Amino acid sequence: MAGDVIGIVQIYVGSTLLDCVQGSNIRLPGRKNTAVETGYRTRTAASYQHGEVNATTVLGTGDDLDQFDPASRGAIQVRCDTGQVIAISDAILEQKPQISDNGGKAPLKWFFDTYTIQATS
């Protein structure tokens, strides 16, 4: 529908849908501008900024607490309820998550460079 905004994001690791709390986000890779101060002026230096996916999954009874391995790289998908799908073929998990009580929350962060965006209706 026209005027709709992203409300729900689903994250798939391989073909497995993660149970994530609200607040997942993605930053696509690309150019980044850095301010360079030179006396009374500010100039700009360009650099490359990697892509990043952040999500907090929840772990519960029967879940493998050791399932997130930073040594393995692989495909992830970020699916928006507005129809966009960001497919990342070679995502790298930053580190094993810290698992907390009060909901079994485990924050995850992936880095990536290449992606494709598909739009469905």
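At 40% relative accessibility, K96 counts as partly exposed, a class that lies between buried (under 20% relative accessible area) and exposed (over 50%), computed with a 1.4 Å probe on protein chains only. The model is predicted, so local features need pLDDT of at least 70 and side-chain atom pairs count only at pLDDT 80 or more, while totals for chains, interfaces and linings use all residues. Residues are numbered from 1 along each chain as its sequence is written, and side-chain values use heavy atoms, with hydrogens and water left out.

K96 brings us to the charged pairs. A search of the whole structure finds three salt bridges, each defined as a side-chain nitrogen of Lys or Arg within 4 Å of a carboxyl oxygen of Asp or Glu. In one of them, K96 pairs with D66, and the closest N and O atoms are 2.3 Å apart. This pair links distant parts of the chain, 30 residues apart: K96 sits in the loop between β8 (84–93) and β9 (105–112), and D66 in the loop between β6 and β7 (73–80). Strands here are DSSP runs of E with at least two residues, numbered from the N terminus.

Another salt bridge joins the side chains of D90 and R73, at 3.0 Å from N to O. Here strand β8, which holds D90, is linked to strand β7, which holds R73, across 17 residues. D90 is partly exposed at 32% relative accessibility, whereas R73 is exposed at 53%.

E52 and R27 also meet through their side chains in a salt bridge, with an N to O distance of 3.6 Å. The two residues are 25 apart, E52 in strand β6 and R27 in strand β3 (residues 25–27). E52 is buried at 13% relative accessibility, and R27 is partly exposed at 31%.

E52 has a further partner in N54, whose side chain makes a polar contact with that of E52 at 3.0 Å; such a contact is a pair of N or O atoms within 3.5 Å, one able to donate a hydrogen and the other to accept it. N54 lies in strand β6 (residues 51–58) and is buried, with a relative accessible area of 18%. Leaving aside residues up to four places away in sequence, N54 touches S24, N25, L108 and K109, where contact means heavy atoms within 4.5 Å.

Turning to the cysteines, the structure holds zero disulfides, a disulfide being a pair of cysteine sulfur atoms within 2.5 Å. The sulfur of C20 is 13 Å from the closest cysteine sulfur, in C80, and is therefore too far for a bond. C20 is partly exposed at 27% relative accessibility, while C80 is buried at 13%.

Note on methods:
Helices (H or I, at least four residues) and strands (E, at least two) are DSSP runs, numbered from the N terminus.
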